[in-house]
Amino acid sequence: MLHIFKKILSKIFTFYCLHNISHRDSCRCNYYCKFTSLTKLGRNCNFNGMHIYGAGKVTFGNNFHSGKKVTILTTFHNYEYGDALPYDHTSYSKDVTIEDNVWIGEDVLILGGVRIGEGSVIQAGSVVCKDVPKLAIVGGHPAIPFKYRDQEHYRLLKEEKKFF
């Protein structure tokens, strides 16, 4: 019974959260998510509680998966050359690109201006404020690579189209 209830909730969240986003039918929201109109989704994206804020473009590749409480910030206050302290009334935006086959753990913060490389894994609780290399497993604040996925194994799974 619980399994059926979760499927119904997933369909409701998917419809509600993605109704104004150009997306493929294979994308799914299992918990409440908040996207902007500048969000672009690949195929087979699975969200478990994503919130995107700001005026920057956010692009997701294919086969994306996220944990709960993932936040992406794309707009920032002007604190460097503004006309007031601690910041002025102007702001600027930076885009985020998340490539294919990326898995982002729970409670991750991603700041604008980063590219998360194909096949990478972001450890739960991380703050991503600079680019993540392809196949990297990163964690911490700031998130830094501490391991890499096996390239040959990754290539074989990709060629065999074994996507979750």
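Reader: What caps the N-terminal end of helix α2?
Author: D150 does. One of its side-chain oxygens lies 3.2 Å from the backbone nitrogen of E152. Helix α2 covers residues 151-159. Helices are DSSP runs (H or I, at least four residues) and strands are too (E, at least two), numbered from the N terminus.

Reader: Where do these values come from?
Author: This is a predicted model: local features need pLDDT of at least 70, side-chain atom pairs count only at pLDDT 80 or more, and totals for chains, interfaces and linings use all residues. Residues are numbered from 1 along each chain as its sequence is written, and side-chain values use heavy atoms, with hydrogens and water left out.

Reader: And what follows α2?
Author: K161, with a positive phi near 55°.

Reader: Switching to aromatics. How many pairs?
Author: Five in the whole structure. Rings of Phe, Tyr and Trp (its six-membered ring) pair if their centres lie within 6.5 Å; planes under 30 degrees apart are stacked, over 60 edge-to-face, the rest tilted. F47 and F60 form an edge-to-face pair, 5.1 Å centre to centre with 85° between the planes.

Reader: What does that pair tie together?
Author: F47 is in strand β3 (residues 46-47) and F60 in strand β5, so the pair ties together parts 13 residues apart in sequence.

Reader: Is F47 buried or exposed?
Author: Buried, at 0% relative accessibility. Buried means under 20% relative accessible area, exposed over 50%, partly exposed in between (1.4 Å probe, protein chains only). F60 is buried as well, at 2%.

Reader: Which residues form the aromatic cluster?
Author: F35, F47, F60 and F64.

Key. Polar contact = N/O pair within 3.5 Å; in protein donor to acceptor, adjacent residues only side chain to side chain.
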